Amino acid sequence: MREKLQHFMVGRYGADQLGQFLLIAAIVSMVCSMLFRSSVCNLFAILLIVLSYYRMLSKNHSRRYSENMKYLKYSGKVSRFFRSKKQYLSQLKTYHIYRCPSCKQKIRIPRGKGKISISCPKCRTEFIKKS
Ligand SMILES: [Zn+2]
């Protein structure tokens with residue numbers, strides 16, 4: 001039995017990050033379908049499981065690999081986006097962020113210094129803002 005399974009798995013693609021993501025998404029939609037008694041979520045969960053098994057058992061490695069690379073590229077972009085938003089929000093507590101009126105360069109000014117003249121580090125334009 002074990003040998004049969006090993007023989008069956010020879011040349012198969014196996015698990016990757018996209019596969020993990022699909023299984024997690026399947027679990028989330030299963031929980032949704034139980035919570036809301038939604039058959040759409042249930043169907044979606046089954047689809048995700050079928051898709052992740054299809055990918056794991058696939059013998060088309062290059063295709064699966066490129067799908068995973070696309071997933072990694074996209075998920076990296078999403079997590080970078082949220083990280084930069086989080087960083088921006090934490091900076092807003094201690095800094096004002098202004099844009100230079102002429103070149104639109106973002107300039108970070110510490111809060112609580114009253115009215116100050118700011119000179120743009122990029123184009124040297126001076127403008128006055130409250131900090
Ligand atoms: Zn400027």
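Which ring does the charged end of Arg 108 sit over? I looked it up: the ring of Tyr 95, 4.0 Å from its centre. My rule for a charge over a ring takes NZ of Lys or CZ of Arg within 6 Å of the ring centre and within 35 degrees of the ring normal.

Notes on the model. I am working on a predicted model, where local features need pLDDT of at least 70, side-chain atom pairs count only at pLDDT 80 or more, and totals for chains, interfaces and linings use all residues. Residues are numbered from 1 along each chain as its sequence is written, and side-chain values use heavy atoms, with hydrogens and water left out.

Entry: charge over ring, again. I also found the charged end of Arg 12 over the ring of Phe 8, 4.2 Å from its centre.

Entry: aromatic pairs. I count two in the structure. Rings of Phe, Tyr and Trp (its six-membered ring) pair if their centres lie within 6.5 Å; planes under 30 degrees apart are stacked, over 60 edge-to-face, the rest tilted. Phe 21 and Tyr 71 have ring centres 5.2 Å apart and planes at 35 degrees, so I log a tilted pair. This pair links distant parts of the chain, 50 residues apart: Phe 21 lies in helix H2 (residues 17-36) and Tyr 71 in helix H4 (residues 61-92). Helices (H or I, at least four residues) and strands (E, at least two) are DSSP runs, numbered from the N terminus.

I then checked accessibility. Buried means under 20% relative accessible area, exposed over 50%, partly exposed in between (1.4 Å probe, protein chains only). Tyr 71 is buried at 19%. Phe 21 is partly exposed at 41%.

Next I looked at Phe 81 and Phe 82. Their pair is edge-to-face, with 5.4 Å centre to centre and 80 degrees between the planes. Phe 81 is partly exposed at 45%, and Phe 82 is exposed at 53%.

Entry: cysteines. How many disulfides does the rule give? I get zero, taking a disulfide as a pair of cysteine sulfur atoms within 2.5 Å. For Cys 41 the closest cysteine sulfur is in Cys 32, 4.7 Å away, which is too far for a bond. I noted Cys 103 as partly exposed, at 26% relative accessibility.

Entry: strands. I find strand E3 (residues 115-119) paired with strand E4 (residues 126-130), antiparallel, over five bridges. Pairing needs at least two DSSP bridges between the strands. Ile 118 has Phe 127 in E4 as its bridge partner. E3 and E4 form a hairpin with six residues between them. In the turn, Arg 124 has a positive phi of about 70 degrees.
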